[in-house]
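Biologist: I would like a close look at a single part of this protein. Please take the sheet and go through it strand by strand.

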Amino acid sequence: MTVLTATMIGGVLLIIALIVIRFYDRPPPLPKSITLPDGAAAQAFTQGDGWFAVVTTDNRILIYDRVTGSLRQSITISE
């Protein structure tokens with residue numbers, strides 16, 4: 001086995017190990033359903049570490065806790 005072959009095999013193993021490490025620590029799953037305030041309809045969705053947010057058609061951003069699903073913060077977007 002040549003040095004180049006050993007280097008290539010080592011590189012492939014390293015890449016596989018990094019992919020496994022990266023995706024092993026996944027965030028908790030999202031709740032099965034989200035209860036929006038009365039009159040609110042979802043327009044967009046985004047998520048981060050420990051939270052997720054829903055942008056509504058009435059110009060609000062609703063930030064929820066990812067684990068409990070409870071509303072953390074409501075932000076009104078001014079036009």
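In what sense do β1 and β2 pair, and over how many bridges?

Modeller: Bear in mind that this is a predicted model. β1 and β2 pair in the antiparallel sense, and six bridges hold that pairing. One of the bridges can be picked out by residue: Gly48 has Trp51 in β2 as its partner.

On to the next pair. β2 covers residues 51-56 and β3 covers residues 60-65. β2 and β3 also run antiparallel, and five bridges join them. Here Phe52 has Tyr64 in β3 as its bridge partner.

Now the sheet as a whole. The sheet is open and has four strands, in the order β1-β2-β3-β4, with antiparallel pairing. β1 (42-48) and β4 (71-76) are the edge strands; each has a single partner strand, so one side of each is left without a neighbour in the sheet. Neighbouring strands of this sheet are turned against each other by 20 degrees on average, with direction ignored.

Helix α1 spans residues 3-24 and contains Ile16. Ile16 is partly exposed, at a relative accessible area of 47%. Ile16 belongs to a nonpolar surface patch together with Met1, Ile9, Val12, Leu13 and Val20. The accessible area of the patch comes to about 640 Å² together.

Definitions and conventions: Residues numbered from 1 in each chain as written. Predicted model: local features only at pLDDT ≥ 70, side-chain atom pairs only at ≥ 80, totals over all residues. Heavy atoms only, no water. Pairing = 2+ DSSP bridges. Helix = DSSP H or I, 4+ residues; strand = E, 2+ residues; numbered from the N terminus. Axes fitted to C-alpha atoms, helices over the stretch in contact; angles between N-to-C directions. Patch = residues over 30% accessible without salt bridge, like charges linked within 9 Å, V, L, I, M, F, W, Y side chains within 5 Å. Areas by Shrake-Rupley, 256 points an atom, 1.4 Å probe, with all protein chains shown as cover. Salt bridge = Lys/Arg side-chain N within 4 Å of Asp/Glu carboxyl O. Buried < 20%, exposed > 50% of the residue type's maximum accessible area, 1.4 Å probe, protein only.
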